[in-house]
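The following note sets out several points on the packing and backbone of the model shown below. Each point may be checked against the coordinates.

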Amino acid sequence: MGSLLGGGLREKSERKGQRDRAFLLWLRFTLFRSNGSNQIKLFLGFLLLLAMILLTSRATSLMGWSHANQEPRLPATRSRYTVVINTWKRNDLLKQSVEHYASCPSVEGIRVVWSETDSPPEFLRSTLMRGAHSNSRREVDLKFDIYDEDDLNNRFKPVDGLQTDAIFSIDDDVVVPCPTLEFAFRIWISAPDTMVGFVPRMHWVNFKFSYSYGGWWSVWWMGTYSMILTKAAFFHRKYLELYTYGMPASIRSFVKSQRNCEDIAMSFLVANSTFAPPIWVKGRIQDLGSSGISSQQGHKQHRTHCINYFASLFGYMPLISSHVKAVDAQYEWFW
């Protein structure tokens with residue numbers, strides 16, 4: 001009964017808000033189209049100012065009623081996001097990462113993907129808990145997702161107890177400033193089915209009817225991208241289920257054996273589901289990793305092989321290129 005009553009009151013307040021905005025629009029139109037004396041224009045301007053003050057006051061009181069009755073504008077699953085950190089034998093970087101992301105205002109929880117042979121030691125758990133609670137503006141849920149084997153597919157396995165639709169997938173050596181992360185989250189809210197992130201890559205068509213992998217310098221030079229790497233990206237939690245249970249098992253087997261290209265596989269999956277490109281968010285991020293898979297010899301050739309193999313299994317090339325870049329104009333001179 002209470003929810004029905006609240007719903008009726010919200011609908012009534014929304015209709016009032018629409019009438020209020022229509023009245024303000026009419027008043028502004030009358031003021032700017034008026035050909036009368038300066039006294040008439042001054043009087044109409046005074047009426048416009050008074051109406052704006054009164055209507056703003058009423059909107060504030062309605063907002064206060066909404067908060068008092070615990071009726072947020074967005075459901076909890078959409079107004080916050082969960083940070084999923086992929087880590088591997090770098091406890092110092094993991095500690096820094098947990099402390100940082102716990103301080104970001106819209107973080108609901110942090111999940112640590114742990115694929116090492118030994119379980120996380122108790123001192124590490126307690127250290128991360130203290131760091132998360134001391135740096136967070138609100139209580140942030142921190143949990144480990146422990147797996148028995150080292151498998152890059154683990155980072156995309158379904159997570160029990162998720163409280164949000166949005167997942168921010170991040171490597172333990174990548175730090176995204178909170179304001180930049182919050183801006184990217186707002187972009188994701190506007191397009192929750194696509195992937196939104198900070199590290200773009202591109203697939204290029206060769207003359208031999210095959211594809212090649214384009215790294216950062218290729219994207220920078222041509223201004224084109226078709227993938228967002230999951231080392232720093234938002235996506236909907238539904239893709240965890242699709243990756244684990246809906247995608248060809250041969251792709252996951254390939255990723256496990258090659259220890260590479262799980263991020264490309266996720267890009268293929270999302271593009272195949274949306275028939276749309278991802279969204280690249282411009283922002284300064286800090287990459288603390290001095291070594292890794294991307295620094296190994298033959299990395300580009302290996303990634304090229306992944307793209308062609310995945311395209312053959314999907315039966316076509318689902319990746320779609322884009323030139324669009326989301327920029328927060330508050331912090332950019334050129335946008």
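1. Helix 9 and helix 11 cross with a right-handed sense; a crossing is right-handed if the near helix is turned clockwise from the far one by less than a right angle, and left-handed if anticlockwise. Helices here are DSSP runs of H or I with at least four residues, strands are runs of E with at least two, and both are numbered from the N terminus.

2. This is a predicted model, in which local features need pLDDT of at least 70 and side-chain atom pairs count only at pLDDT 80 or more, while totals for chains, interfaces and linings use all residues. Residues are numbered from 1 along each chain as its sequence is written, and side-chain values use heavy atoms, with hydrogens and water left out.

3. The axes of helix 9 and helix 11 are 11 Å apart, and the helices pack at an angle of about 165 degrees. Helix 9 is therefore roughly antiparallel to helix 11, a term for angles over 145 degrees. Axes are lines fitted to C-alpha atoms over the stretch in contact, and angles run from 0 to 180 degrees between N-to-C directions.

4. On the side of helix 9, Ser 250, Ile 251, Phe 254, Val 255 and Gln 258 take part in the contacts (heavy atoms within 4.5 Å). Their partners in helix 11 include His 302, Cys 306, Phe 310 and Phe 314.

5. Which residues of helix 9 are buried? They are Ile 251, Arg 252, Phe 254 and Val 255, where buried means under 20% relative accessible area and exposed over 50%, with a 1.4 Å probe and protein chains only. These residues cover an arc of only 155 degrees around the axis, so they lie on the same side of helix 9; the arc is taken from the directions from the helix axis to the C-beta atoms. Their cover includes helix 8, helix 10 and helix 11.

6. Helix 10 also crosses helix 11, at roughly 35 degrees, and their axes come within 10 Å. This crossing is right-handed.

7. Arg 259, which follows helix 9, has phi near 55 degrees. Cys 261, in the loop between helix 9 and helix 10, has phi near 75 degrees and is buried at 0% relative accessibility. Lys 89 has a phi of about 55 degrees and is exposed, with a relative accessible area of 52%.

Methods: Parallel < 35°, antiparallel > 145°, perpendicular 65-115°, else oblique.
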